[in-house]
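The following exercises ask the reader to work through a protein model step by step. Each task is followed by its solution.

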Amino acid sequence: MRGTPVVSRALIWIVALMTILPFLMALMTSFKTQMELFQGVFTLPSSLNFKNYVTAWQQGHFNVYFMNSVLVVIPVVISSILLGILAGFGFAWLKIPGKKVVAAMLGLGMVLPSEAFIIPLYHELRWMGLTNTYLALILPQIALSLPFTTLMIATALQQVPRELVEASVMDGASRRKILWGILVPAIWPTLSTLALLLFIWTWNEFLIPLILVNKDELRTLPIGMMFFQNKNTIDIPVLMAGAMIVILPLVAVFLIFQRKFISGVTEGAVK
């Protein structure tokens with residue numbers, strides 16, 4: 001029994017190393033030259049040379065793709081959370097006819113893969129004249145995020161003590177005041193966790209930008225990385241530098257908000 005914690009920690013370290021090792025290898029490769037790459041995969045680069053990053057940034061048009069990803073992620077995250085708060089408030093505190101049926105439909109929307117509706121979605125947006133626009137990248141991803149966002153926020157709102165809301169009603173507070181002044185601050189850790197998840201999912205979205213946009217000036221980073229990879233199959237260090245340009249913003253955002261993410265997940269588990 002005493003050896004159980006040691007074994008558990010050893011397994012955790014092994015899994016952690018197996019998870020982080022490919023990322024570290026790609027990061028080291030992004031600073032190498034072609035000659036250093038031929039010396040071995042695990043060979044450390046002689047210096048932190050950012051030439052590969054400059055080459056990838058210029059040749060791969062990552063400045064355009066990066067800005068496009070930012071212009072898509074920010075509206076998707078903000079709109080999804082705002083709409084999710086309104087819908088979640090309705091599910092948690094208001095009497096809505098057919099609430100269970102709507103909740104079942106939202107649950108179905110969470111498990112339905114994008115491949116199942118991407119073709120009719122393309123024809124619909126084409127009929128509306130929205131293909132090859134930023135709206136074609138933003139609106140579908142908001143719709144895809146809403147089922148999970150609504151149910152997660154509704155669950156968090158249901159955990160707020162009912163006595164707190166009833167006391168606010170007795171004091172004459174309006175629904176708007178109760179929602180934005182009492183309920184939203186009470187579930188702030190959940191909202192921050194949700195924002196981080198939506199950021200990661202939207203940043204990594206591949207199928208929707210691939211099908212709905214075919215203009216190079218509108219492509220996001222994952223799509224731009226695919227085309228950059230097809231053009232650079234020989235210069236592996238430059239290719240790894242491009243991959244790091246796509247990955248590092250996610251790593252940076254997670255490291256900055258990891259405490260809020262962990263607190264939000266822990267709070268949900270405790271509740």
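## Exercise 1: A core residue and its partners

Determine which residues Leu-157 touches, leaving aside those up to four places away in sequence.

*Solution.* Leu-157 touches Ile-85, Gly-88, Phe-89, Ala-92, Trp-93, Leu-183 and Ile-187, with residues up to four places away in sequence not counted. Contact here means heavy atoms within 4.5 Å. The model is predicted, so local features need pLDDT of at least 70 and side-chain atom pairs count only at pLDDT 80 or more, while totals for chains, interfaces and linings use all residues. Residues are numbered from 1 along each chain as its sequence is written, and side-chain values use heavy atoms, with hydrogens and water left out.

A nonpolar core is a set of buried Ala, Val, Leu, Ile, Met, Phe, Trp, Tyr and Cys residues joined through side-chain atoms within 4.5 Å. Buried means under 20% relative accessible area, exposed over 50%, and partly exposed in between (1.4 Å probe, protein chains only). The largest nonpolar core has 41 residues, of which Phe-62, Leu-157 and Leu-183 touch the most other members. Two or more residues of this core come from each of helix H3 (51–59), helix H4 (62–93), helix H7 (134–158), helix H9 (175–186), helix H10 (188–204), helix H12 (221–231) and helix H13 (236–256). Helices (H or I, at least four residues) and strands (E, at least two) are DSSP runs, numbered from the N terminus. A second, separate core has eight residues, among them Leu-121, Leu-125, Leu-207 and Ile-208.

## Exercise 2: The chain as a whole

*Solution.* The C-alpha trace spans about 75 × 65 × 30 Å along its principal axes. Among contacts with a separation of 6 or more, 75% are between residues 24 or more positions apart.

## Exercise 3: The largest pocket and the largest cavity

Find which residues are closest to the centre of the largest pocket, and which residues line the largest cavity.

*Solution.* The definitions come first. On a 1 Å grid over the protein atoms alone, a cavity is a set of points where a 1.4 Å probe fits but cannot get out, and a pocket is an open set with protein on both sides within 12 Å along at least five of seven lines; lining residues have an atom within 4 Å of a point. Grid points are joined across faces, edges and corners, and a volume is the space filled by probe spheres set on the points.

The largest pocket has a volume of about 310 Å³. Of its 14 lining residues, Met-110, Leu-144, Ser-145, Trp-201 and Glu-205 are the closest to the centre. Helix H5 (99–111), H7 and H10 each supply at least two lining residues, and H7 gives the most, with four.

There is one cavity of 30 Å³ or more, and the largest cavity has a volume of about 40 Å³. Its lining consists of Ser-69, Val-72, Val-73, Gln-141, Thr-202, Trp-203, Glu-205, Thr-220 and Pro-222. H4 and H10 are the elements that give two or more of these residues; H4 gives the most, with three.

## Exercise 4: Salt bridge and backbone

Identify the partner of Asp-216 in a salt bridge, and state where His-61 and Asn-132 lie.

*Solution.* A salt bridge is a side-chain nitrogen of Lys or Arg within 4 Å of a carboxyl oxygen of Asp or Glu. The count comes to one salt bridge. Asp-216 pairs with Arg-219, the closest N and O atoms being 3.0 Å apart. Asp-216 is partly exposed at 28% relative accessible area, whereas Arg-219 is buried at 14%.

His-61 lies in the loop between H3 and H4; its phi is near 55 degrees, a positive value in a residue other than glycine. Asn-132 lies in the loop between helix H6 (118–127) and H7, and has a positive phi of about 60 degrees although it is not a glycine.
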